[in-house]
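Here is a friendly briefing to read alongside the sequence and the 3D view. Take a look at the model, then follow the notes below.

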Amino acid sequence: MGERLLLRGNEVIAEAAIRAGCQCYFAYPITPQAELLEHMARHMPGLGRTFIQAESEIAAISMVYGAASVGVRTMTSSSSPGISLMQEGISYLAGSDLPAVIVNVMRGGPGLGDIAPAQADYLQATKGGGHGDYHTIVLAPSTVPEAGELTMLAFDLADRYRTPVMILADGMLGQMMEPVELPEPVDVAALPEKPWATTGAKNRDPNVIRSFDLDPEVLKQMNRALQERYREIEAKEVRCEETATEDADIVIAAYGTVARIARSVVRMARADGIKLGLFRPITLWPYPYQPLRELSKRVRTVLTVEMSAGQMWEDVRLAVCERAKTPFYGELGGVVPTPRSILSEVKKHAG
Amino acid sequence: MPVSVEKMVKVFGRPKSLTDARFTYCPGCHHGTLTRIIAQVIDELEIAERTVGIAPVGCAVFAYRWFHCDAIQAAHGRASAVASGAKRADPNLIVFAYQGDGDFASIGTAESIHAANRGENITVFFVNNQVYGMTGGEMAPTSLIAQKTSTTPEGRDPALSGYPIRFSEMIAQLDAPVYVTRQALYDTKRILEATKAVKKAFAYQLEEKGYSLVEVLATCPTNWRMAPTDANKHVAEVVTTVYPLGDLVDRG
C-alpha cells in the first residue's frame, strides 16, 4: 500500500486486474480503451502471464472462454462496438458458468458512433446483451480510484458466483488521470480451488464445460440453477451510494461519469438553496431497486441524468413506481452534460 | 478347427479414452472412425490425464461425451480460439480442437487462420465432408462444384457461391504451422495413414513444436444421398481430386 500514482482510468483497471491475479488477458484494439490493452502488453509477459492481441473481439472473448474453463483469472476489455461482437461469447460464459471479467469503456453509438464518452450500452450490459436468459453482474465506477477497486471486486464476484462480470466505464473514465493508491496484490495461490475446471482428468472423472443440452428438461434445470444464482446475487450484491439525501426534496439518479458530475451539481444546488441529493447505483445489475424505492418515498422528484436516451431511466421508473416524479435529462452521441446544464434541469423540477 | 477361448488373444478393443456413450453419427459416417483414432492415440501417448478436447458446433457437438478426458464445448467456429485460451492458461495441457468444415473454414475462418499463424501449440482436427451435416445438408465452403446440397439444389455454381476452399493449403502458406496434412478414411490403408498423422500431430504438441492441422476427408452418406460404400468410393475417386491427400507442411 501507499503507492500513490497519477494514472488514467484505463491503466488503473489494467493494473488492478494484474493485482487481482489476472493470469490471461486477451483483447483487440479499440478507442477509447487502447491504453488498457497497451498496459497489459507492457506488463503481463514480464510477470510470466499471458497477453494476446486477438484477431477480433469475437476471438478475444472465445480465448477468455478457454482460459476461464481451465480455471485461471482472465479478462478482456473493449469499447461499445467491440462489446457488441463479444455478446456471443458472454452468453456462452454465462451459460457455461464461467467466471471472467469484461471491461466496456463505452463510447457513442449506435454503429460506429464516435469515440467520446457515452452510457448508451446500459440496456445491453444489464439485461443480458446476448441470447438466452442470463445476466452479467455490472459494476459502474464513477472515479478512477473506484475503477481500480471495482476491478478487484469484479474478479472476486466472478469466481464466487461463476459468472461473467462487466465493468461498465466510459471514455471519460478511461482517459481521465487521477491520483490513485493501488490495491495490494492478491495471493493467487490462496484463492479458492475450482474443482470444476478442465485441468486434466487425473484421479477424477472428466470435467466438461458446456452451455448445451439437447434435452429441454435438462436445459430447463440448467437455466433454473442459473436463475437461482441470480436471485442470490440480487439478495447479496446490490451496491449503491447516496449523497446528501437525508433532507433532499429532489435527487438525481446517475451512475459513472454522470454521477461524478452530479456530485458537483449537488453542491451548486445546495448553495442556491435547493435541497438536492444524489442516488448512485454502483451495481447496475443487480440494480438497487429497493434502496431507490425507499428513497423515493421521502422525495418529490427523482431526476435521472444519463449520457443516453433514457436507458437506466427504465429501472429508475420501475423502482420509483410513481411514488415520486421521474423526469429525465439525457445527452446523446458522446456529449457530456455540464454541471450547469444539469443544474438548470434540476431547477426546472425543484420549484 | 475350433479354438478354445483360453487360447484367444484380444487384439482389438475400445480405447480407454473412448467412452461407451453411443455415437449419434449416421451409418457410414467417418466421424466415428476419426473419434476412435484420436482416442486410441491419446491412449498410446498416455496423455489422457492432461488432455482437453474442444468440441465444436455441428455433428461433432457431442464430442465431449465420447472422449474420456476433460472437454470444453465451444461456440460455432471458435474452437481454435477457445483452444488457444485454454493452452495459454496451462501450457502443460494437451489441447485439441475437433472442427467440421463449416465450423473451421467458414464461420471460424478468422479464428482458424490466426490460431495457426500464432503457432499455438495445439492440434486441430478439421473434418471436411463438404456439407453441413447437422442442419440438413446445406452447402459448405468445401462443397464441390456442381455438388447438390439443400441450399444448392441445382448444384454449387461458382458464379454464385465461389469455389471449394482448400483451407489447409491456405494454412500451409503461413510460417508458423509445424504440421499440416490432409488424410482420408475410405479404406484400411488410409485409416492407418491417418492414425500415424494424428499421432504425429499430438507428438509435435508434446514436444512443444507448435501448431498442427490434420484435415480429414470424411463421408456424409446421409446428406450425399449415397450408400456408405459409394460414399467411400466418392471420396477416393472424386473428392481427392479436388483435395489431394498428403502432407502440405512438416517442419517437425
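**Where two helices meet**

Helix α3 of chain A (residues 57–70) packs against helix α3 of chain B (residues 79–89) at an angle of about 45°, their axes 6 Å apart. That makes α3(A) oblique to α3(B). This is a predicted model, in which local features need pLDDT of at least 70, side-chain atom pairs count only at pLDDT 80 or more, and totals for chains, interfaces and linings use all residues. Residues are numbered from 1 along each chain as its sequence is written, while chains are lettered from A and ligands numbered from 1 in the order in which they are written.

**The helix contact**

- The crossing of α3(A) and α3(B) is right-handed.
- On α3(A), the contact involves residues including A59(A), M63(A), G66(A) and V70(A); on α3(B), the residues include V82(B), G85(B), R88(B) and A89(B).
- The residues of this contact of α3(A) with α3(B) divide into 11 nonpolar, 5 polar and 1 charged.

**Chain B as a whole**

- Chain B has 10 helices and 9 strands.
- The radius of gyration of chain B is 18 Å, close to the 18 Å that the globule rule gives for 252 residues, so chain B is as compact as a globular protein of that length. The radius is taken over C-alpha atoms, and the rule is 2.2 Å times the number of residues to the power 0.38.
- Along the principal axes, the C-alpha atoms of chain B fill a box of roughly 60 × 50 × 30 Å.
- Of the 252 residues in chain B, 55% are buried (20 or more other C-beta atoms within 10 Å of the residue's own, placed from the backbone).

Conventions:
Axes are lines fitted to C-alpha atoms, for helices over the stretch in contact, and angles run from 0 to 180 degrees between N-to-C directions. Helices (H or I, at least four residues) and strands (E, at least two) are DSSP runs, numbered from the N terminus. Angles under 35 degrees count as roughly parallel, over 145 as roughly antiparallel, 65 to 115 as roughly perpendicular and the rest as oblique. A crossing is left-handed if the near helix is turned anticlockwise from the far one by less than a right angle, and right-handed if clockwise. Two residues are in contact if their C-beta atoms, placed from the backbone, lie within 7 Å. Ala, Val, Leu, Ile, Met, Phe, Trp, Tyr, Cys and Pro count as nonpolar, Asp, Glu, Lys and Arg as charged, and the others, Gly among them, as polar. A residue is buried if 20 or more other C-beta atoms lie within 10 Å of its own, exposed if 12 or fewer, and partly exposed in between; C-beta atoms are placed from the backbone.
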